[in-house]
Amino acid sequence: MVTETLRSWAPGRVNLIGDHTDYAGGLVLPMAINLGTTVTLQPGGNTLHLRSARRQSLHLDLPLGGVLAEDLTTLEPAWGRFVAAAALELASTVGGSGEVTTTLPVGAGLSSSSSLELAVALALGFDGSPLELARFGQRAEQVASGVPSGIMDQLTIAAGVAGHALLIDCATERHRAVRMPDSVEVWVLHSGVPRRLADSAYAERRRATEVAARLVGPLAEASLDDIEAIDDPVLVRRARHVRTECDRVRVAAAALEADDPTEVGQLMLQSHASLRDDFNVSVPELDHLVLELSSRGDVFGARLTGAGFGGCVVVLARPGTDLSTVRSDSWLVQAGDGARLL
Ligand code: GLA
C-alpha cells in the first residue's frame, strides 16, 4: 500500500513584549511569523529518515523509548536532537522518510527549534488541540535543550492567528488574538551576537523568580512594595522586572487594539531597559542597536526579543520602512497562522 506524502508547517515566533515572564506565570504578547519549518514525510516503517536542505541526514530507529535525554544532547546533526525529542515524547512507532526545510534563521531567537519540533510532531501524527500541541512541544524542547523554558514559544507556534499577536496569560495558558493595526510593520534585526550563555543563565534567572515568588507570591500580581522589601537586591530587580513587564504587556495589548503604536513603542523601550538593568539579560550590541533604532523617526520602538544574551531585536516601524540597511541580517515579518498539516 502506498501512503500519502504528508507535509506539515510550523512557524517561528517573535515576541513583541513580555520576556522572562512566561515561566513566572505572567503575560506575553508574541506573534507567529511567516517564516518557519516544513517537513515532508512519506510515512511508514519503524525508522525515521530525514534529510535537511544542507544534505545532512538523520536516521532514528523507532520507538525511541530506551533513549536517555543525555544521549539526545549529543546527537548529530544537532537539529536531529529536536526531531528525536519530538519522536521520543510522542512515543512514535511509525516513522517514514522525508525532508526538513526552514526559512527561519537558526539559533537567532525566533524559535527555530520549537518550530521544528512541532512540525515533526504533526508529520508523525500528533493529534490534539493547539494547547496540547504546545505542552507537548514544551516538553520536547526541555528534553532536547536541557533548558527549563516556558510555554510562550510553543503556544504561539501552535495557536498563531494571521494578522494578529497573541496575548497569553501563562498562569492559565488562556490566550486571545490582538489585531496588528495597519499603522505598523514588524522587523527583526540580528545583533550579530550568538546566544552563548543563554542556557545556564536562563535556568539561573528562572530559579531567582521562583525564590522571589516564594517570598511575595506570584510575581505577575505581587505588590511592588513587597518586592522592594525583599532582603536581596538581586532578587528585588529580578522580581521587579517580571512585575513591571506584565503591566507593560497589558497596556501594550490595549494600545495595539487602540491603534496607538507610539505608546506600544515607548513600552517596548521600557521593556528593553528593564531586561537590561533589572533582569541583566542584554549585551552591549543589543543595547546599541536598540538605541540606534529608537532615534529614527520611522521607528516606534525596539527591544531585545526572546531569552536575550545575544540574538535579535524586534522593531515596531512605520509601514514602508527599510531596516535592511541597518543590519543585513534582518527580516520584515508578518503575523501568520499556527502550525498545521498542509
Ligand atoms: C525563551 C524561552 C521562552 C521564554 C523566553 C523569554 O524563548 O523558550 O519560554 O521564557 O525565552 O521570554
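A residue is called buried when its relative accessible area is under 20%, exposed when that area is over 50%, and partly exposed in between, with a 1.4 Å probe and protein chains only. The views below come from a predicted model, in which local features need pLDDT of at least 70 and side-chain atom pairs count only at pLDDT 80 or more, while totals for chains, interfaces and linings use all residues. Residues are numbered from 1 along each chain as its sequence is written, and side-chain values use heavy atoms, with hydrogens and water left out.

View 1. A disulfide is taken as a pair of cysteine sulfur atoms within 2.5 Å, and a search of the whole structure finds zero of them. C246 is in no disulfide, since the nearest cysteine sulfur, that of C170, lies 8.4 Å away. C246 counts as buried because its relative accessibility is 0%, and C312 counts as buried because its value is 1%.

**View 2. An open sheet of four strands.** Helices (H or I, at least four residues) and strands (E, at least two) are DSSP runs numbered from the N terminus, and two strands pair if DSSP finds at least two bridges between them. Four strands form an open, antiparallel sheet in the order β9-β10-β8-β11. The edge strands, each pairing on one side only, are β9 (299–304) and β11 (330–333). From one strand to the next, the twist averages 20°, where axes are lines fitted to C-alpha atoms, for helices over the stretch in contact, and angles run from 0 to 180 degrees between N-to-C directions.

**View 3. Strands β8 and β10, with helix α9.** Strand β8 (residues 185–190) and strand β10 (residues 312–317) run antiparallel and are joined by six bridges. Within this pairing, V188 stands opposite V314 in β10. Helix α9 (residues 261–277) packs on the sheet and touches β9 and β10, its direction making about 25° with that of β9; contact here means heavy atoms within 4.5 Å.

**View 4. Two cis peptide bonds.** Most peptide bonds are trans. L62 and P63, however, are joined by a cis peptide bond with omega about -5°, and P63 is found in the loop between β4 (57–61) and α1 (69–72). The bond from E76 to P77 is also cis, with omega near -5°, and P77 is found in the loop between α1 and α2 (80–90).

View 5. H20, a residue other than glycine, has a positive phi near 60° and is placed in the loop between β1 (6–17) and β2 (27–43). H20 counts as buried because its relative accessibility is 4%. D259 has a positive phi near 55° and lies in the loop between α8 (233–257) and α9, where its relative accessibility of 43% makes D259 count as partly exposed.
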